[in-house]
Amino acid sequence: MVVVELMAVIALVVTWAPLLPRTIGLCLAAVSFWVLRLHPRKTLDMSWRDLCAALKSVLQPLGRKGRGQMEKEIAEHWAPKDEAVVFLSVRTGFDLFLKALELPQSSEVLFVPGINIPGMVEIVEQHGLRPVGVD
C-alpha cells in the first residue's frame, strides 16, 4: 500500500514538475496583489480599485461622450458661470496662469513642499520667478 502511494506521489510530481514554478509564481503574485497596497510617496493613498478605474478610463476615455461634451460637463461642475478652462494637465494650466498674471521678475511663488509636482518649480523658474517652500 505504501509503495502504491509513493508511486502515485512520484507520478504526480513528475507530471506537474514543469508547471510547478509557474503555479507557485502565479499564487505568490495573486497573494502579493491582495496584500500589497499602493502608498505613493508624498501623495494621497489610492486603492487597487481606484487604479483599475483609472485604467478603465484610459482604455475607454470618453465612452459615448465626445471631448467637447466632457469639457463642458467639467467646466459646469467646477464653475457654473463659464469661468472655467479645462487643460490637459496641471502644468499646462499653471504655465498659462503665470503668463496671465504677468508677475514682476523675481516675485516669490509659494509652494507646499509635501504636495507638489516636480515640473511646477521648473515652470516658475522659467517665468523668472522664485519658488519658496512653505512649511
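Axes are lines fitted to C-alpha atoms, for helices over the stretch in contact, and the angles between N-to-C directions run from 0 to 180 degrees.

The structure is a predicted model, in which local features need pLDDT of at least 70 and side-chain atom pairs count only at pLDDT 80 or more, while totals for chains, interfaces and linings use all residues. Residues are numbered from 1 along each chain as its sequence is written, and side-chain values use heavy atoms, with hydrogens and water left out.

**Overall architecture**

The protein chain has six helices and two strands. Helices (H or I, at least four residues) and strands (E, at least two) are DSSP runs numbered from the N terminus. Read from that end, the order of elements is α-α-α-α-α-β-α-β. Of the 135 residues in the protein chain, 10% are buried; buried means under 20% relative accessible area, exposed over 50%, and partly exposed in between, with a 1.4 Å probe and protein chains only. Among contacts (heavy atoms within 4.5 Å) with a separation of 6 or more, 32% join residues 24 or more positions apart.

**The nonpolar core**

The largest nonpolar core consists of eight residues: Phe-94, Leu-98, Val-109, Phe-111, Met-120, Ile-123, Val-124 and Leu-129. Such a core is a set of buried Ala, Val, Leu, Ile, Met, Phe, Trp, Tyr and Cys residues joined through side-chain atoms within 4.5 Å. At least two residues of this core come from each of helix H5 (90-101), strand S1 (108-111) and helix H6 (118-126). H6 gives the most, with three residues.

**Helices H5 and H6**

The axes of H5 and H6 come within 10 Å and cross at roughly 20°. H5 is therefore roughly parallel to H6, a term for angles under 35 degrees, whereas those over 145 count as roughly antiparallel, 65 to 115 as roughly perpendicular and the rest as oblique. The contact involves Val-90, Arg-91, Phe-94, Asp-95 and Leu-98 of H5, together with Gly-119, Met-120, Ile-123 and Val-124 of H6. By class, this contact has six nonpolar, one polar and two charged residues. Here Ala, Val, Leu, Ile, Met, Phe, Trp, Tyr, Cys and Pro count as nonpolar, Asp, Glu, Lys and Arg as charged, and the others, Gly among them, as polar.

Thr-92 is also found in helix H5. Thr-92 counts as partly exposed because its relative accessible area is 36%.

**Strand S2**

Val-132 lies in strand S2 (residues 130-133). With a relative accessibility of 24%, Val-132 is partly exposed. Apart from residues up to four places away in sequence, Val-132 touches Glu-108, Val-109, Leu-110 and Phe-111.

Two C-alpha distances relate residues described here to other parts of the chain.

| Residue pair | Separation in sequence | C-alpha to C-alpha distance |
|---|---|---|
| Thr-92 and Ile-123 | 31 residues | 9.3 Å |
| Val-132 and Ser-107 | 25 residues | 9.9 Å |

**The loop between H5 and S1**

Most residues other than glycine have a negative phi. Glu-102, which is not a glycine, has a positive phi near 50°. Glu-102 is placed in the loop between H5 and S1 and counts as exposed, at 67% relative accessibility. Ser-106 lies in the loop between H5 and S1, and has a positive phi of about 65° although it is not a glycine.
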